[in-house]
Structures are given as structure tokens and as C-alpha cells.
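Please read the following briefing alongside the sequence and the structure.

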Amino acid sequence: MTTSTSAPATAAPQNDGAKKAAVAARTRGLRKVYGSTVAVDRVDLELPEGAVLGMLGPNGSGKTTTIRMLLGLVRPTQGEIELLGKPLPEGAEHVLPHVGALVEGPGFHPFLSGRENLLRCAAFEPLLPSGSVRQAVEDALERVGLAAAAHRRYRGYSLGMKQRLGLAAALLVHRKLIVLDEPTNGLDPAGTREIRRIIADLHAAGTTVLVSSHLLSEVEATCTHVCVLHRGTVVAQGELADLLQAGGSALQVITPDVEAALTALRHAKISARPLEEGLRVELTGTSAPAVVETLVHAGVAVHEATKWKTGLEELFARLTEAEESEHSLSAVDTLDGGNR
Ligand SMILES: Nc1ncnc2c1ncn2[C@@H]1O[C@H](COP(=O)(O)OP(=O)(O)OP(=O)(O)O)[C@@H](O)[C@H]1O
């Protein structure tokens, strides 16, 4: 298990060779300061090979800055980066052709068509033999659903189409790592589903994917791993399933006798709180059968008892609430797209 729920103040040295080989990207003590703004601080990111890692965080939490540093677009103030086994910036020339990226504001030419823009990008791909350029462009356009609009000028594209073209550029050649910064920005639900499918295809083909998102539901549906950033630091990272598991387990009990149930559980030293419907009972140091038995013994009618599944939204709220409750609530609202 690779889960950690707090950012260590100092980087733990990693001299385990076997572990190193299985990591597509790793940062140690990464820090970026812009004037008086600390955009990123003490970030120790681990991106296992073959993982789909969702980088989550509210606006301004440092996602884009971290991604830009990983791609060699921004120089860190401090810290180390290893990308596909090579240190940055020294190894950039060697590893970056194996990395496809969709980051904010790809530099496409407004007066050229989508296809012409992509042909220009393809011409600069060191891994693409010149005889394969046209086919690679058509394949990439097809893959992102832009083939029918490929003849149109870029400046007339919607935000979603621009995103798709950026993604097509990232997919021009087979990459070891694909980095997508907010890939569903500006996309309608169908476009969002397409991105989800493309990520799933990449994952199935063994490509490592790093994707940043505001959308907890998106990350929960597509990612194997999660890294949560808050105010520039990592507050949790690891396998999604492990993080959710570590979030603790609980029981939702539906009963018409909520007050009596809470009293009985308090006497049994079992932690519980009322919900809109029924109550939530923490299963720390107790079990579901023990809770039900306690309630039944106390004469409480138990209509239903269901294991509570910790969702990413709840986990995120808990991680950030610890620091500042008001701030974390607005953060969850932002992340969830107001979908609570
Ligand atoms: N070029 C820059 N100059 C000055 N400050 C910057 C620059 N880039 C980022 N910042 C600041 O660094 C912090 C982190 O920004 P960043 O864009 O990395 O966050 P983010 O999590 O990607 O946010 P969002 O979700 O809004 O894109 C913010 O306070 C931002 O204002």
C-alpha cells in the first residue's frame, strides 16, 4: 500500500531500486515561489508506472504549477524531479518526447485548420517517422472525435474543440506518460465521457496518465491513484481504494428512534451522530453486528443497517476540514462543481 494521508515535512529518502523502477515520475521537496506567493511547497509526488493518477485540489492549490514543473515548463525554486527515470532538467531532451501533454493554452495557430495545426505539431515529433505523419494526424483526429471538423480554422473552434485538438497533439505518437491538465474544461457531458474513454484506453494499453481535475466524481470514476493538493502541499496521495478504505468504515442505521439509538450507543461507548435519515455509527473498535445487537437490546427498532462507503468527496472534505473548516467547505463546493 502506498497511501499517505499527510505530507511529510521532509522528503523520505528513496533508495529502494525496485521501487524506483516502477515509478514514472517522482518529485522530492518540490517548491515554487512566485514573488511572495508560495505556489507549491514540499511536494513529494509518486506517480507509479501504469497508474492513472488524479491530481485534485481547489483553485490555486498548485496543480498546474506542479504539472508545469514536471514537464520542464517551469523551473522549480527548490526540489528534485525525476521523469521516466531521468532527472530534470538534465534528462529533458531524452524523456520529453515520450511524454504527451495537454496543458493550458497550447500554442496553436488561429488561422490554420485543426488538421494543419496538428501536421505542424507532428513535424516536430522526434519519435514520428516522416512517412507516418499524415496517418498519425488522421488517427489522432479520429481518436478525439475531431475528424469532421479538422478542416475548420482553429480560431472558430469552441473551447471543447480546442481541448480536443490539444489532446490529439498529445496522442500523436505512443507515449509512456500522458499529462492532462483539466482535460474536461469546456467539454459538454458527451465530450467528458469521451475523455473518460480515452483515459481508460490509455490505461488499458499500459500508458501512465496524470490528470488534474476539479471534479471529484470524474477522478473517482477514472483514476487508480489520487494526489490531493491543498494550498500548494500534498495532503493525501496513494491508491484511491486504499485512501477510501483508510477513510474508515461506518454504518448507516435507519431507525424511527434516533434519540434512543444515540443514547444506547453512547452507553456502549460507540461513536455515532444523527443524519438527515437515521444515524451514522463509526465502526472503530466495534463491528456492524455488535452495533445492531446493542440497539436491539436497548429496544430500538432497526429498519435498516448499511455499510457506509466513504466517497472521495467526503474524504476530501475531511482532509481539508482539519486545517480550516470554512475554507474546506468552499473548496469542496468548487471541486464538486456545485453538485452536492
Ligand atoms: N506565473 C505565475 N505568477 C504568479 N503567481 C502564479 C503564477 N502561476 C501560478 N501562480 C500562483 O500560484 C498559486 C497556484 O496556482 P496554480 O495555477 O498552480 O493552481 P491550480 O491548482 O492549478 O489552480 P486552478 O485550479 O485554478 O487552475 C496560485 O496562488 C497562483 O495565483
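Strand S13 and strand S14 (residues 279–282) pair in the antiparallel sense over three bridges, where strands are DSSP runs of E with at least two residues, helices are DSSP runs of H or I with at least four residues, both numbered from the N terminus, and two strands pair if DSSP finds at least two bridges between them. This is a predicted model, in which local features need pLDDT of at least 70 and side-chain atom pairs count only at pLDDT 80 or more, while totals for chains, interfaces and linings use all residues. Residues are numbered from 1 along each chain as its sequence is written.

**The sheet**
- Arginine 273 has arginine 280 in S14 as its bridge partner.
- The open sheet is formed by four strands in the order S13-S14-S12-S15, with antiparallel pairing.
- Strand S13 (272–274) and strand S15 (304–308) stand at the edges with a single partner strand each, so one side of each is left without a neighbour in the sheet.
- On average, and with direction ignored, neighbouring strands of this sheet are turned by 25° against each other, the axes being lines fitted to C-alpha atoms, with angles that run from 0 to 180 degrees between N-to-C directions.

**The ligand and helix H2**
- The residues around the ligand include Tyr34, Asn59, Lys63, Thr64 and Thr65, a residue being near a molecule if its C-beta atom, placed from the backbone, lies within 6 Å of it.
- Strand S2 (37–43) and H2 are the elements that give two or more residues to this shell, and H2 gives the most, with three residues.
- The shell divides into two nonpolar, eight polar and one charged residue, where Ala, Val, Leu, Ile, Met, Phe, Trp, Tyr, Cys and Pro count as nonpolar, Asp, Glu, Lys and Arg as charged, and the others, Gly among them, as polar.
- Helix H2 (residues 63–70) is largely enclosed by the rest of the structure, because eight of its eight residues are buried, meaning that 20 or more other C-beta atoms lie within 10 Å of a residue's own, whereas 12 or fewer make it exposed and counts in between partly exposed.
- After H2 comes glycine 72, whose phi is positive, near 75°.

**Serine 158**
- Serine 158 lies in the loop between helix H5 (133–143) and helix H6 (159–170), and counts as partly exposed because it has 13 C-beta neighbours inside 10 Å.
- The C-alpha atoms of serine 158 and glycine 186 are separated by 8.2 Å, although these residues are 28 residues apart along the chain.

**Domains**
- The protein is divided into domain 1 (23–245) and domain 2 (249–308), with bounds from an automatic or database domain assignment.
- The centres of domain 1 and domain 2, taken over C-alpha atoms, are separated by 45 Å.
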